[in-house]
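Please consider the protein shown here.

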Amino acid sequence: MKFLLVLLVVVGGLWWLWRPRAKPPRGPVRKGAEATAPAEMVACAHCDLRLPRAEAVFDSEGYPFCSEAHRRAGLR
Ligand SMILES: [Zn+2]
């Protein structure tokens, strides 16, 4: 019986030593943000609205606008 108790302690100790380690806490997972490169933001030259460069409308001089209407309206 005593042998069984010792065996239990040894097995328990080995399990405690080799148990899978808890992973360190990680910051908030932002898979979407990591998967896509951060979008470069531009400000509309008419109303100063910030929008991703990919969604901006550019005029012939390269000024970004938030919409076709503001591009036609021109600079402030
Ligand atoms: Zn605008």
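The questions below set computed values against the definitions of the terms.

This is a predicted model, in which local features need pLDDT of at least 70 and side-chain atom pairs count only at pLDDT 80 or more, while totals for chains, interfaces and linings use all residues. Residues are numbered from 1 along each chain as its sequence is written, and side-chain values use heavy atoms, with hydrogens and water left out.

Q: What makes Cys44, Cys47, Cys66 and His70 donors of the zinc ion?
A: Donors are N, O and S atoms within 2.8 Å of the metal (3.2 Å for Na, K and Ca); water is not among the atoms, so sites may look incomplete. The SG atoms of Cys44, Cys47 and Cys66 and the ND1 atom of His70 lie 1.9 to 2.3 Å from the zinc ion, and therefore count as donors. Along the chain, their spacing is C-x2-C-x18-C-x3-H.

Q: Why is the site of the zinc ion called tetrahedral?
A: Four donors count as tetrahedral if all angles lie between 85 and 135 degrees. The angles among the four donor atoms here are 96 to 121°, so the site is tetrahedral. The ideal angle for four tetrahedral donors is 109.5 degrees.

Q: Why is Cys47 called partly exposed?
A: Buried means under 20% relative accessible area, exposed over 50%, and partly exposed in between (1.4 Å probe, protein chains only). Cys47 has a relative accessible area of 35%, so Cys47 is partly exposed.

Q: What makes His70 partly exposed?
A: The relative accessible area of His70 is 22%, so His70 falls in that partly exposed range as well.

Definitions and conventions: Tetrahedral: all angles 85-135°; square planar, octahedral: opposite > 155°, others 65-115°.
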